[in-house]
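Work through the exercises below with the sequence and the structure at hand. Each task is followed by a solution in steps.

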Amino acid sequence: MTGGAVRPEGPRASERAARPDGALMIEARSISYAYKETVALRDVSFGLPKGETLAVVGPSGCGKTTLLSLIAGLMPSTAGQLRVDGAPVQPRRPGTALILQDYGLLPWKTVRENVALGLRIRGMKPDAADQALREVGIADLAGRWPHQLSGGQKQRVAIARSLALGPDLLLMDEPFSALDALTREEMQDLLLSIWRRHRTSLVLVTHSITEAVYLGQQIMVLSPRPGQVVGLFRNPTVGDRRAAAFHEMVNRVRDALEKGVNGGA
Ligand SMILES: Nc1ncnc2c1ncn2[C@@H]1O[C@H](COP(=O)(O)OP(=O)(O)OP(=O)(O)O)[C@@H](O)[C@H]1O
Ligand SMILES: [Mg+2]
């Protein structure tokens, strides 16, 4: 399958599941979530093959963070089925790492200690911390305190902390939205190179259409709340901002977003 709209409902996902080389890291079938009477997500279906990337875009309040929370097992969906690595989603699955927008760094710990924290909590040796810091290019900042870092550097620490744990599923909630345009592109390139090296399955929530098209092998577009899938695209242009196909895909995603906002008008 090349670029183009994919039916948002389940069948394509299950077709991929049936392929011998297409084991799914995430399989969502008609999942919904309601905070009491507020329906945040409705009837969301998709499949993320292992080692692939999915970008999720949609207007503010449409349920993107809610979707990541469900995948991370922080709360159960109110309807539908959600499987991670072939099993019903479970809280505290060791292979799942969730990176939130505010970086979540402890101000009273150094960069190295922040990165080592997750390892210590899991009773693992902190040795992987330095390797992870090298990988995100800030080994020289290991002894600094969080307040001595730029936004981009803090984001690198947050990524290093997750990488150190060797996750097979990385969930990122608008990780680069607080950064200036150039730093943001640098971080997108860093994330891409990390993904190419490790082939970690990745779900990236973003407000930026270009970021989604740069990083998502699949792009899921959600409607305003309750978030429903109004477009699910296979994107062949990952990692190439200059390709004509990149701009074509940006327009497709934009159209889907507008269609979602205007209720299909
Ligand atoms: N704990 C909660 N209790 C009640 N409603 C909530 C709660 N958390 C979120 N909501 C509502 O659910 C909807 C989806 O929220 P969510 O945070 O998932 O949106 P989002 O797409 O991540 O938005 P943004 O792009 O602004 O981060 C919103 O309308 C929000 O107000
Ligand atoms: Mg959010």
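**Exercise 1. Contacts along the chain**

Task: State what share of the contacts between residues at least 6 apart in sequence join residues at least 24 apart.

Solution: The model is a predicted one. Take the contacts in the protein between residues at least 6 apart in sequence; 69% of them join residues at least 24 apart.

**Exercise 2. Overall form**

Task: Decide whether the radius of gyration agrees or disagrees with that of a compact globule.

Solution: Start from the chain length, 265 residues, for which a compact globule would have a radius of gyration near 18 Å. The protein has 18 Å, so the value agrees. Next, take the extent: the C-alpha trace spans about 55 × 40 × 40 Å along its principal axes. Of the 265 residues, 52% count as buried, that is, under 20% relative accessible area.

**Exercise 3. Strand β10**

Task: Determine whether strand β10 (residues 218-222) is largely enclosed or open, and explain why.

Solution: Count the buried residues first: five of the five in β10 are buried, so the strand is largely enclosed by the rest of the structure. Now consider the side chains. In a regular strand they alternate between the two faces of the sheet. From β10, Gln218, Met220 and Leu222 point one way, while Ile219 and Val221 point the other way.

**Exercise 4. Partners of β10**

Task: In which sense, parallel or antiparallel, does β10 pair with β4, and in which with β11?

Solution: Strands of a sheet pair through backbone hydrogen bonds, in either sense. With β4 (residues 53-57), β10 pairs in the parallel sense over four bridges; here Ala55 stands opposite Ile219. With β11 (residues 229-234), β10 pairs in the antiparallel sense over five bridges, and Met220 has Leu232 in β11 as its bridge partner. β10 and β11 form a hairpin, with six residues between them.

Conventions: Residues are numbered from 1 along each chain as its sequence is written. Chains are lettered from A and ligands numbered from 1 in the order in which they are written. This is a predicted model: local features need pLDDT of at least 70, side-chain atom pairs count only at pLDDT 80 or more; totals for chains, interfaces and linings use all residues. Side-chain values use heavy atoms; hydrogens and water are left out. The radius of gyration is taken over C-alpha atoms; the globule rule is 2.2 Å times the number of residues to the power 0.38. Buried means under 20% relative accessible area, exposed over 50%, partly exposed in between (1.4 Å probe, protein chains only). Contact means heavy atoms within 4.5 Å. Helices (H or I, at least four residues) and strands (E, at least two) are DSSP runs, numbered from the N terminus. Two strands pair if DSSP finds at least two bridges between them.
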